[in-house]
Amino acid sequence: IERTLILVKPDGVRRGLSGEILRRVEAKGYTLAAVELVHATPDQLATHYAEHEGKPFYAPLVDFMLSGPTLAVIAEGDGVIAGFRSLAGATDPTAAAPGTIRGDLGRDWGLKVQQNLVHGSDSPESAEREIGIWFPQS
Ligand code: GTP
Ligand code: MG
């Protein structure tokens, strides 16, 4: 069965949107296999965001992800990797379509990094890699 790693990033947790976001995942018919509130470490974030190292938003992104707890979630279901990315909407919350998590609940705050509420793995390989980072005991 396919699985993905979803993160409710610190902005989503801080704004009290964790329940609303998980509700949308469950309403779509996906199953929550694990949910844990995690205060990320710099090492975890360096691994998770290795592909973005060197980009101008990298340091602000890591600082943002260290700014508070993140809700780490493993969700399961056929097509869940692409399905959750479609629920999440475009990376830029201003451009994200209404009906999506980022389109309905996110906006630009004029900061150095896009605070776009959620992360979702983008491939089966990323999903397994990222689940190992956020659920190291599994
Ligand atoms: P994730 O699900 O979080 O991985 O989002 P994504 O796959 O839609 O975006 P990507 O992996 O390309 O970027 C990771 C995160 O870096 C994004 O979610 C944003 O928080 C931030 N980010 C990406 N691109 C930009 C950008 O061009 N400008 C700024 N300021 N932040 C960005
Ligand atoms: Mg990504």
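This is a predicted model: local features need pLDDT of at least 70, side-chain atom pairs count only at pLDDT 80 or more; totals for chains, interfaces and linings use all residues.
Colleague: Why is Val118 called buried?

Modeller: Val118 has 26 C-beta neighbours inside 10 Å. The cut-off is 20 or more, so Val118 counts as buried.

Colleague: Where does Val118 lie, and which residues does it contact beyond its neighbours within four places in sequence?

Modeller: Val118 lies in strand 4, residues 118-120. Its contacts include Ile6, Leu7, Val8, Ala88 and Ile101. Contact here requires C-beta atoms within 7 Å.

Colleague: How far apart are Val118 and Ser86?

Modeller: They are 32 residues apart in sequence and 12 Å apart in space, C-alpha to C-alpha.

Colleague: Which residues of helix 5 are buried?

Modeller: In helix 5, residues 80-88, they are Val80, Ile81, Phe84, Leu87 and Ala88.

Colleague: How do you know that they line one face of the helix?

Modeller: Look down the axis of helix 5. Its buried residues fall within an arc of 130°, so they line one face. They pack against strand 1, helix 2, strand 3, helix 6, strand 4 and helix 7.

Colleague: What comes just after helix 5?

Modeller: Gly89, with a positive phi of about 85°.

Colleague: What makes up the shell around ligand 1?

Modeller: The shell divides into 3 nonpolar, 5 polar and 2 charged residues. Among the residues around ligand 1 are Phe57, Lys112, His119, Gly120 and Asp122. Gly counts as polar in this scheme.

Colleague: Which residues does UniProt list for the domain "Nucleoside diphosphate kinase-like"?

Modeller: The unreviewed entry lists residues 1-138. In the model, that span is 40% helix and 17% strand, and its end C-alpha atoms lie 16 Å apart.

Methods:
Residues are numbered from 1 along each chain as its sequence is written. Chains are lettered from A and ligands numbered from 1 in the order in which they are written. Helices (H or I, at least four residues) and strands (E, at least two) are DSSP runs, numbered from the N terminus. A residue is buried if 20 or more other C-beta atoms lie within 10 Å of its own, exposed if 12 or fewer, and partly exposed in between; C-beta atoms are placed from the backbone. Two residues are in contact if their C-beta atoms, placed from the backbone, lie within 7 Å. A residue is near a molecule or strand if its C-beta atom, placed from the backbone, lies within 6 Å of it. UniProt positions are given in the numbering used here, feature names are shortened, and annotations may be inferred rather than shown by experiment. The arc is that of the directions from the helix axis to the C-beta atoms.
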